[in-house]
Amino acid sequence: MRDSGDFLIRTLLAEGVITQAEVERANQAAQTQRRDPLDMLVAGGAVSARTLAIFRAKICEYPFVDLAQFDIDLRHAARIPRATAEKLGVFPLFCFDGGATVAMLDPLNLSAIDQVRQLLKCEVDPVICDAEQLGALITRAYSLVRTSGADVTVSVEDDKDTTSGDEPVVAAVNQIIVTAIELGASDIHLNPDDDALHLRYRVDGVMRTLHGPSKGMHAGLVQRLKVMAKLDVAQTRKPQDGKIRFTPATGDPVDIRLSLLPTIHGENAVMRVLRGGATIGRIEDLNMPDDVRKGYEDAISRPHGMILVTGPTGSGKTTTLYTALAELNCPERNIGTIEDPVEIRLPLVRQVQVNPEIGLNFATALRSILRQDPDVVLVGEIRDSETARIAVQAAMTGHLVFSTLHTNDAVGAVARLRDLEVPAFGINQGLLCVLAQRLVRKICSACRQKTPALAEVIEHVNVTPADAQKFRYGAGCDGCGQTGYRGRLGVYEMFRVTPGVHKLIEQNASVTDLRRLAAAEGMRTMWDDGVAKAIKAQTTWQELMKLRTIIDTEQPRESRAAA
Ligand SMILES: [Zn+2]
């Protein structure tokens, strides 16, 4: 690699991709760390691994192959030992009669080509690829078809008691789950169809397809999942649900909810990855607008009253509530929660999982927990009138009560409580505030650029040309899987129960009147917060359009919000 390296650096300099100063810095670092100057250029951020590979391809006149564009058979890993693939920077992409297309970092490395030719026992046709993509491919390939050695352990008591106990299947399942943890995925989908097995991950609310094991492994993978979740291995025709506690080689154990559904092409597996306690930060990390954050902090510092968070499933309500609980959590306070399911474990907090099969629903559990002398109570969700009335009563009698409601916006919670037969005086005396929230995707900071769509921004988002100039988007890079987004952030609105609001509630005023008063008293909507965050270059105008679709389709139902 070193022979062609100098020439490559000179070309990059001539093309203005890197500067002389960057080369000198890389050379110095290379000497002290005994590494290749090209590696140091990439490590120092002067040039991406991808650009480097594309330039090398031009110089050597070999084709550049974007590995993300091809469905590569990972079983080729069996033909070259892992150590060799890593040392030489090679992986066979396509094998034909008498020949193989091999991804290489440096096709001018003739001794590497020789070794690969001997291992594959056929002619080698090199192509150039991005070092980071190749490294990731090698890691995935050797984990998914590994034949021995496990760096991942799974806490299943009876690991041998499996009809699919062969190691490649075990390694493949482990790799699939480890990848989900690395991507920060919320769900893993294994979908079989006529001729292929599709492996997809939901990341930041959007599905992403990744190369996975072949269809031939499907039955084995499902069997393995059933063993891990202690389900009936013989049952393939009925839906099954189970739980898996997975312990990766590094990091905390992760709980996974497994759902199996028999389809005409076999059992479809969906795994929900439940987040651990590590993700709970502080209130200032929730990205709330200043006035909302102050309102929330003020509410949770009260000795009693009810704080509601509203939004559909997956809008970040749990994180918002747990952040408050974590803030309140200390030995001097008795905190109890009733949840379905218990998603995040907190030390000291007594968490109860509802279990309708034995009659332990939200209402009965809430009654019991109130007899345990709590200061703070979290009710996972209020969906029936009995739970609503007990919760409001608790809020009026010296407890701080947190809960969620399925309403579209913050003000809609009042209508919902009325639907649940909570009397006006109960709402007025119990309720402190309602926080409504949604999640929008965050622009990847590594590939953030000015948005070219100024006209669209001005037209659809209705901002001034000066503000439109501040909009950004992600062009896509390896760090964000070419999506342009990385992570999500909340957009919020807070409805405070003020003296003016008290009067309207007593008069049984409509939600429209309440909304009008809240706006007059300074409430900013989720839409306003979203626009403010786009102007701060945190999200895109396309994400705002998605947000508006949700808000627009929900508003007309305001009279019976989420009934
Ligand atoms: Zn990016």
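Three strands form an open sheet in the order 1-2-3, with mixed pairing, where strands and helices are DSSP runs numbered from the N terminus (strands E, at least two residues; helices H or I, at least four) and two strands pair if DSSP finds at least two bridges between them. Its edge strands, each pairing on one side only, are strand 1 (90-96) and strand 3 (123-128). The model is predicted, so that local features need pLDDT of at least 70 and side-chain atom pairs count only at pLDDT 80 or more, whereas totals for chains, interfaces and linings use all residues. Residues are numbered from 1 along each chain as its sequence is written, and side-chain values use heavy atoms, with hydrogens and water left out.

Strand 1 pairs with strand 2 (residues 99-104) in the antiparallel sense over six bridges, and phenylalanine 94 has threonine 101 in strand 2 as its bridge partner.

Serine 403 is placed in strand 15 (residues 400-405) and is buried, with a relative accessible area of 0%. Beyond its neighbours within four places in sequence, serine 403 is in contact (heavy atoms within 4.5 Å) with Ile307, Leu308, Val309, Leu321, Val379, Gly380, Glu381 and Ile382.

Conventions
Buried < 20%, exposed > 50% of the residue type's maximum accessible area, 1.4 Å probe, protein only.
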